[in-house]
Every structure is written in C-alpha cells, then in structure tokens.
Amino acid sequence: MKEEDLRRAAFGDSPDLDVWSALSAAGSRARWLAAVVLGGQGHYAAAATALDALRHDPDQVIASLALSTRASHLRQVGAHHLARPLDGAALAKAPQAGQDDPDGVDAAGARADALLGLAADSLGAQRLHEARRLLTRVETRSWRGEVRKGWVTAEIELASGRAAEAVAPAEAAHGTATSRKALRHELKSALVLGTSLVVWGTPDGLNRGLELVECELNHSAEKRLKPLIWPSALVLAGHASTVGATAIDRATEALSCVLRRADAVSRRVALDSPWVPSGLLRSGEPPNADPQMNFLTD
C-alpha cells in the first residue's frame, strides 16, 4: 500500500480501510501506520504484534511512536498501569530534533505523544496533580498533537469535577479534527465534547451533547470503529431514555468484539479494570465502570 493511503486511514477520511497487507511492508513507517489503523478498528492483538516489533526499530521516531501507540491501546482496555512504563520508554526514545511531519510523525510528535500518554496514565491512576503537571510539558507542533492535547485536557477537567472547563478544550479539538477531515479523530473529539456537555448538564448543553454522541455513535458504527462504539453507547444509555436498551445492546456487542480481538494480557486486565464496564458481558451484572469516563483512547 502507498503511504498516502495509509495516512488517509490513520489520519484522514478512510479509517475503515483494509490495511492488513501493510503489516508486511518493508518500511517501518508503513507498518506503524497500519498498526494505528488496526488499533482504531479494535484489532488490538494484531496491532500489538506489529508495535512490539517496532519498538526496537532503528528509526527512533518510529520506535518511540510504537511504544506510545501500544500504550494507548492498553489504556483503551483499562490497563493504565501497563501503559505507563511504555510511555516512559517512548519519552526516553524520542529524539530531540528532526524533520517536521504534517501529521506529527516526527521527533516533536513522538515526544508529545509520550507526554500526553503519561498524563493519561496518571489520570487513570487518579493522580490528577501529576497529570496536570505532565500536561504543561507538552509542546504540540501538529494538528494531531493539538487534538490529542485537547482530549487529555478535557478528560482531566472531567475527572476533577470541572465539566464546564472541559468544554472549551474539547470544542477546540473537535474543530481542529473536523477542519483536517481526520474522521477518526473527529469522531473521538465528538465523543469527548458530547460527554463534556452532557456531564456539564445545562439544558442546551445536554441536548447538544446527546446529539453529538448519537451522531458519532452511528458514524463510528458505519465505519466499524469498535473502540468508539461502546463508550458512546453507554453515554446515551445513561442519559437518553428513548435509546437506552438499544444502546446497551450496541455497547455489549462492541465491547465483546474488542475484547475478542485483544491479546490475552489485555483481555484479562480489561475484565477486572474499573475503566471497562465488563459487567456488560456477564448477564445480570451492572457495569462496573462509569460510562462518562470511558474514552481514554488515542
């Protein structure tokens, strides 16, 4: 596959593209891009195999990005404690300088990804002061870095009980991703913004938030982006009574599919993680996680 097509899948308008053949590409950048796409589609085990090999790549940018991408996928199944050492290794490997890349596939982007990952890891461990401190160290030079910084900023504010302060960074991330026609990032941003508005809870904000999340859910389902489906469905199930039962069914199907495609370690950790509503998979048990906080992803 051409790198242009892989970038469209990873950072553009084709997140549902079939990229399996690129896993055997000669170039490490192509293999990393393929792993990013597969992770976005919920094929975590396949992505993990590629990323675990790439962490030793001679290209230090790709090695660093592989580590932080693997960490991001682990966070998506609630394994923040396993993600943290990978993000630390990613930061250590990130070069200090190099040629700029429009999508942040460069030294500055690798460093930003690692620091944002560490901030999200700290948030997952409820060390909010540490998460904020790490966030202040992030310097973004690409649209992708700006979007991801907006997500983590909003997530920290939500975890701090400051939903009103989460809206602006989430709104900025959504605007940037939309302007770049980066569909997966746009949909994730819609989830973060919609959730922030729902938790804030003003009448106008609640209505807009539910509309955003419902639209995002339908579009994510159309593009088969399983990791975005289950948290979106749970937000709707908790606040939109007209779609409650249907949303729970969609969340259960998507989460079950994601875990079937995960590696054994991730699957085992996810079933016990407070960040993953694994009770959905066991009949008669309530979810063991707050659906308003289950979107710590790439």
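Predicted model: local features only at pLDDT ≥ 70, side-chain atom pairs only at ≥ 80, totals over all residues.
Let me start with helices H4 and H5, where H4 covers residues 60-76 and H5 covers residues 80-93, and whose axes come within 8 Å and cross at roughly 165 degrees. The axes here are lines fitted to C-alpha atoms, for helices over the stretch in contact, with angles running from 0 to 180 degrees between N-to-C directions. H4 and H5 are therefore roughly antiparallel to each other, on a scale where angles under 35 degrees count as roughly parallel, over 145 as roughly antiparallel, 65 to 115 as roughly perpendicular and the rest as oblique. The crossing of H4 past H5 is left-handed, a term used if the near helix is turned anticlockwise from the far one by less than a right angle, with clockwise giving right-handed. Helices, for all that follows, are DSSP runs of H or I of at least four residues, numbered from the N terminus.

Residues are numbered from 1 along each chain as its sequence is written, and side-chain values use heavy atoms, with hydrogens and water left out.

Next, helix H8, residues 143-159. With 17 residues at 1.5 Å a residue, H8 should span 24 Å, and its end C-alpha atoms are 25 Å apart, which agrees; the expected span is 1.5 Å times one less than the number of residues. Of those 17 residues, 14 are buried, so H8 is largely enclosed by the rest of the structure, where buried means under 20% relative accessible area, exposed over 50%, and partly exposed in between, with a 1.4 Å probe and protein chains only. Glu155 belongs to H8 and is buried, at a relative accessible area of 3%. Between Glu155 and Asp263 there are 108 residues in sequence and 26 Å in space, C-alpha to C-alpha. After H8 comes Gly161, with a positive phi near 75 degrees.

Which residues make up the aromatic cluster? Phe11, Trp32 and Trp143 form one such cluster, and a search of the whole structure finds two aromatic pairs. Rings of Phe, Tyr and Trp (its six-membered ring) pair if their centres lie within 6.5 Å, and planes under 30 degrees apart count as stacked, over 60 as edge-to-face and the rest as tilted. Phe11 and Trp32 are a tilted pair, 6.2 Å centre to centre with 45 degrees between the planes. Phe11 lies in helix H1 (residues 3-11) and Trp32 in helix H2 (residues 28-40), so this pair ties together parts that are 21 residues apart in sequence. Phe11 is buried at 6% relative accessible area, and Trp32 is buried at 1%. The ring centres of Phe11 and Trp143 are 6.3 Å apart with the planes at 80 degrees, so that pair is edge-to-face. Since Phe11 lies in H1 and Trp143 in H8, the pair ties together parts that are 132 residues apart in sequence. Trp143 also counts as buried, at 8% relative accessibility.

Finally, the backbone in two loops. Most residues other than glycine have a negative phi. Lys181, in the loop between helix H9 (163-179) and helix H10 (183-200), has a positive phi of about 55 degrees although it is not a glycine, and Lys181 is exposed, with a relative accessible area of 62%. Arg224, found in the loop between helix H11 (203-222) and helix H12 (226-239), likewise has a positive phi, near 60 degrees.
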